[in-house]
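This report describes one protein structure for a reader who has not seen it before.

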Amino acid sequence: LSRVAGGILIVGSATVLGQGALALAAPILTRLYDPEAFGLLSVYSAVLSVLVAGASLRFDLAIPISRDAREALHILVLSVGLGFVSSIVLAIGILVWGGQLANALGVAPLVPFLWILPLALFVASGAQALGSWAVYLRDFSALGRLRATQGIGQALFQVGFGLVGGSLGGLIVGDVIGRIAGVERLLFPFVKAVRSTRLSGAAIVDDARARWSFARVMTAATLLNALTLQLPFLLIPVLFGLAASGQYFLAYRVLILPSSLVGAAVSQVFFGEASFRSSDPERLHVLARSATVSLFVFSIPTYGIVTVAGSVLLRAVFGVRWETAGLFVQVMAPWIMLWSVASPISPLVLIGRRERESLAFTAAELILIAGSIAVGGLVHSLIVGLV
């Protein structure tokens with residue numbers, strides 16, 4: 001397990017650095033921006049997350065399980081190309097229906113910033129594919145540098161725009177610039193590999209066909225999973241307003257932060273190593289059990305404290321106007337605790353070829369979450385919906 005631990009340490013340390021910068025910036029951001037601004041960011045981030053889930057038709061997930069380096073590069077080129085096409089289609093869609101969509105979601109102030117979405121989609125989908133390629137190569141140091149640079153860049157630009165009066169759009173523009181920062185660290189090796197390899201369009205098509213069954217199922221599963229996670233950010237502004245959405249968004253980010261510091265590193269390293277061990281069930285079992293126990297040891301005390309004292313902690317750190325977010329934190333902590341264990345080891349579903357079962361469970365979760373928020377809307381209480 002030493003190689004796995006080394007990979008997790010590299011990516012984890014970089015993730016801590018990047019997310020730590022965001023954590024340090026959070027108390028400043030909550031005093032520079034009001035809950036409505038965070039509400040707009042929540043809708044923007046939710047829409048982008050759903051779009052990224054389907055931009056490359058999840059061919060990027062096939063990169064770490066490629067048979068050889070040539071197939072991995074073919075699938076990578078395909079993933080980046082699909083991301084570019086998706087961004088063009090999105091740009092056309094925004095020109096035609098952007099204003100109507102923003103009004104339907106209850107976020108009309110977002111209209112002036114919709115032009116950023118296609119750029120953000122291309123960058124995010126490309127970074128996702130390049131990250132999968134780094135996992136295939138086991139180049140965890142490059143993956144770590146990307147995570148650190150993006151987190152620090154996002155924090156600096158969001159605070160900077162807030163200090164100069166960035167108003168509602170400062171958080172969104174800062175987020176996009178942060179995503180762009182550091183991508184070149186993975187992009188340059190990709191360009192070098194493309195130049196040194198004779199690529200064949202026919203070979204790319206053949207590899208795409210070979211992985212299409214996998215990609216098709218995983219696209220549906222990932223879209224459902226993204227909708228499940230992001231649905232509250234899309235429904236809350238419509239049912240409860242932007243201010244409530246901003247309070248929920250801050251609560252969610254506070255809860256996700258500890259998990260993201262560990263889970264993001266564990267997930268990608270775990271995926272790479274588990275794929276390598278897939279032909280040896282005993283070694284795969286040892287890896288999965290060790291990762292699960294370690295994640296529970298981390299998550300139980302972390303979220304136990306938040307469940308008891310979350311409201312007091314948030315009011316002290318972020319200010320009195322975020323007291324509602326503290327109440328949300330206490331309600332949501334048990335859910336995030338379990339999610340923080342399940343999410344990093346979810347690549348086992350791909351390795352075990354259990355995509356259809358995963359799809360069924362995710363669909364059920366989506367229906368339950370939509371129903372919960374709808375019930376909250378009927379009784380005019382977001383707390384009821386979250387419970």
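## Basis of the model

Helices (H or I, at least four residues) and strands (E, at least two) are DSSP runs, numbered from the N terminus. The model is predicted: local features need pLDDT of at least 70, side-chain atom pairs count only at pLDDT 80 or more, and totals for chains, interfaces and linings use all residues. Residues are numbered from 1 along each chain as its sequence is written, and side-chain values use heavy atoms, with hydrogens and water left out.

## A nonpolar surface patch

Phe-122 lies in helix α4 (residues 116-137). With a relative accessible area of 32%, Phe-122 is partly exposed; buried means under 20%, exposed over 50%, and partly exposed in between (1.4 Å probe, protein chains only).

Phe-122 belongs to a nonpolar surface patch of about 940 Å², together with Phe-84, Val-85, Ile-88, Val-89, Ile-92, Leu-95, Val-96 and Trp-97. Patches are made of residues with over 30% relative accessible area and no salt bridge, where like charges are joined within 9 Å and nonpolar side chains (Val, Leu, Ile, Met, Phe, Trp, Tyr) within 5 Å. Accessible areas come from the Shrake-Rupley method with a 1.4 Å probe, and for residues only the protein chains shown count as cover. Helix α3 (residues 69-104) gives the most to this patch, with 8 residues.

## Leu-78 in helix α3

Helix α3 also holds Leu-78, which counts as buried at 19% relative accessibility. Leaving aside residues up to four places away in sequence, Leu-78 touches Phe-59, Ile-204 and Ala-208; contact means heavy atoms within 4.5 Å. The C-alpha atoms of Leu-78 and Gly-201 are 9.7 Å apart, although 123 residues separate them along the chain.

## Salt bridges

Side chains of opposite charge can pair when their charged atoms come close. There are 6 salt bridges in the structure, each a side-chain nitrogen of Lys or Arg within 4 Å of a carboxyl oxygen of Asp or Glu. One of them joins Arg-67 and Asp-207, with the closest N and O atoms 3.6 Å apart. This pair links distant parts of the chain, 140 residues apart: Arg-67 is in the loop between α2 (35-55) and α3, and Asp-207 is in helix α8 (residues 201-240). Arg-67 is exposed at 58% relative accessibility, whereas Asp-207 is buried at 11%.
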